[in-house]
Amino acid sequence: MVIVAPLSVEFVLVAAGVSLLMIGAVATLMSGNVIKRLAGLLVCGAGAIASLAALGAGDGALIIGVALLFVYAVLGVALVVRLQEGYGAIEAPEIDAADADNDTQERVS
Amino acid sequence: MSAAYVDLARAHAPLLMIMAPLIGAVLMLVTGTARVSWLVACAVAAAGAYVAMDFAAIVFGGYPQPIAEVGVSLFVDGVGVFAAALIAVAAAFVVSAVGASLKDAGDAASPLALSLMLCIAVGWIGALMARDLIAMIAAVETAWLASTGLVMLNSQRDRAALNGALRMLSWGGVGAAFMLVGAGLVARATGSFAIDVLPLAHIRMPNVAAAGAALIVIGLAVKGGVAPLHAWIAAALGRLGTTYALAIGALGVLGALSVLTRFSAYAIAAPEIGGSISAALAVLGSASVIIGSVQAVGARNLLRLTAYAGASQAGCVLLSVALGSPAGFAAALMQLVAFVAAALALYGGAAAGRVQSLEMLDGYGQRAPLASAAITVGALSLMGAPLTIGFLARWRLVEAGVGAGWWWAAGLVVIASLAGVFYGGRLVERMYFRRANIAYAGDGGVWRVALGPVLIVAIVAIAVGLAPSVLLNAAAKASLMLTGLAA
């Protein structure tokens, strides 16, 4: 029992981290709104870092995970601002439609 | 005296390969004008390429080369040396080609773009020299985030680049999270983050280790544009009608596939998980060959066609690695050479005339003979036409596959080549057998000659299929040096 208990806790923590990871990944890849995508990415990254911590990874691995998540967040925010400036929209379907229109116009001209 | 310095430099060659472009990337930010930045970038990229080629020549020439173990812990193996040399040389030519588009980008953006390109090279070479999984992931993400930044930078010319950057950020971020968890799982199962421990470690939890390795493979496959995980590639590359496409489509994808090859080679060599990883790579590779070929046949944009053809080629790389034999690893390295040569030829040829849609290729043979020749040779290599490096690489895969009883892999290679005849033939027909109906959109300035070296080198590299012994020997030796060169 003494051995099983810590393993069970580890399993639950890893499972929770991986669940966060998967929920975040689905939100990132499926959401139409760019801000929701960014939020999903942050959840996904947080899940990955939580899983790493639960698996007993050292400080170095966790610091690199946090640093990566920070850089992705900064780039993501910059991208949201540029998308709003460039397209006047942050909905992915609207952005895709605008690009498709451009492609069609270029082919016609 | 100078001989002592040369020996010292050679002993630190792996570190120099990383430091030379890294110092150059920093220098870009303090040099004032675009032209000066470009000259400095060319110098440091050429220095990095020279060091990498010299080191590869020593290693594969059979000379003993002690490697200094100071500072950052690097691990040098055959696949890493071969692929790092390939990336360093490709980076030197990509940076030199940027001279053609400096006028468009302007003084403000050009130094930043050159800095990001050097960071891409640094990241992928660093990942190939990394000893532990976390260092590898950090290096991979350095390269990926630099690639994303480069695509965002191109949005000054075309806002569609922002859409590509968004997809790169989304897919790449999820891939990074997968790799981090994968590394944690592998370390939990083997007791170490070290990559070179994998084949030798007693793996206590094979299923956990296999799941971790599979997550790392998926994360790297996203970055290598392997279908069906390549949703970013068309949006990111489809409107990059400049030399930036060379950095993302040729250099970036080559780096990701090289790191994927290296990691997979170690994972397959681990007896407890090798079978699972081999099967996963075979499935992913087969899907990539088929999906990439079908998408390339249907593409109406030259840059997207090249990206999809690259996905098909990436599938061949994965199939070669999945074989898990030295012959398979050597075939994978040959596929990498064939991929980067064709990508440089096609993206470089497109950049010369800012070609995006296939209609813009009509009559291109008369307007831009060298660029058209490069596109033609690149297309022939993608078809796997005899006497090209593409044929040689696919032949090696067929040999290795049939030797291992994987007849179906040979069938997939034939499918990839037949599809190549369709989409490659279409390019040749448009360039040489149609009249121009769109005004030439190329730069027209004298700096366009900067694209010349990359186009000529791509043509020559593809023609290496005529006398391939040096390359074949190097790939064969690299595949046998998987466990490292020095302790």
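Chain A averages a pLDDT of 88, with 90% of the residues scoring at least 70; pLDDT is the predictor's confidence in each residue, from 0 to 100. This is a predicted model, in which local features need pLDDT of at least 70 and side-chain atom pairs count only at pLDDT 80 or more, while totals for chains, interfaces and linings use all residues. Residues are numbered from 1 along each chain as its sequence is written, and chains are lettered from A and ligands numbered from 1 in the order in which they are written. For chain B, the mean pLDDT is 88, and 94% of its residues reach 70 or more. The model as a whole scores ipTM 0.92 and pTM 0.94.

Chain A is built from 4 helices and 0 strands, giving the pattern α-α-α-α along the sequence. Helices here are DSSP runs of H or I with at least four residues, strands are runs of E with at least two, and both are numbered from the N terminus. Of the 109 residues in chain A, 36% count as buried. Buried means that 20 or more other C-beta atoms lie within 10 Å of a residue's own, exposed means 12 or fewer, and partly exposed is in between, with C-beta atoms placed from the backbone. Contacts (C-beta atoms, placed from the backbone, within 7 Å) also say something about chain A: among those between residues at least 6 apart in sequence, 51% join residues at least 24 apart.

Helix α3 of chain A (residues 59-87) has 29 residues, which at 1.5 Å a residue should span 42 Å, and its end C-alpha atoms are 41 Å apart, so the two agree. The expected span is 1.5 Å times one less than the number of residues. Buried positions in α3(A) include Ile64(A), Leu68(A), Tyr72(A), Leu75(A), Leu79(A) and Leu83(A). An α-helix has 3.6 residues a turn, so residues three or four places apart point the same way.

Over in helix α2 of chain A sits Gly47(A), which counts as buried because it has 23 C-beta neighbours inside 10 Å. Leaving aside residues up to four places away in sequence, Gly47(A) touches Gly17(A), Val18(A), Leu20(A), Leu21(A), Gly24(A) and, across in the other chain, Ala177(B).

That brings in the interface, where 27 residues of chain B are in contact with 37 residues of chain A. On the chain B side, α6 (133-153) and α7 (160-190) each supply at least two residues, and α7(B) gives the most, with 17 residues. By class, this side of chain B has 16 nonpolar, 7 polar and 4 charged residues. Here Ala, Val, Leu, Ile, Met, Phe, Trp, Tyr, Cys and Pro count as nonpolar, Asp, Glu, Lys and Arg as charged, and the others, Gly among them, as polar. Among the elements of chain B, α6(B) also has the highest mean pLDDT, 95, whereas α18 (residues 452-462) has the lowest, 79.

Next, the core. A nonpolar core is a set of buried Ala, Val, Leu, Ile, Met, Phe, Trp, Tyr and Cys residues joined through C-beta atoms within 7 Å. The largest one holds 250 residues, and Ile87(B), Ala88(B), Ala90(B), Val94(B), Leu344(B) and Ala345(B) touch the most other members. Its largest share, 22 residues, comes from helix α13 (residues 326-352) of chain B. Leu344(B) touches Ala90(B), Phe93(B), Leu246(B), Ala250(B), Val454(B) and Ala458(B), again not counting residues up to four places away in sequence.

Helix α11 of chain B (residues 274-298) also checks out on length: its 25 residues should span 36 Å at 1.5 Å a residue, and the end C-alpha atoms are 36 Å apart. Its buried residues, including Ile277(B), Leu281(B), Leu284(B) and Val289(B), pack against α8 (206-223), α10 (244-269), α12 (302-322) and α17 (407-433) of chain B.

The peptide bond from Ala227(B) to Pro228(B) is cis, with omega near 5°, and Pro228(B) is in the loop between α8 and α9 (233-237). Arg354(B), not a glycine, has a positive phi of about 50° and lies in the loop between α13 and α14 (364-367). Leu387(B), also not a glycine, has a positive phi of about 75° and sits between α15 (369-383) and α16 (389-403).

Methods. Two residues are in contact if their C-beta atoms, placed from the backbone, lie within 7 Å.
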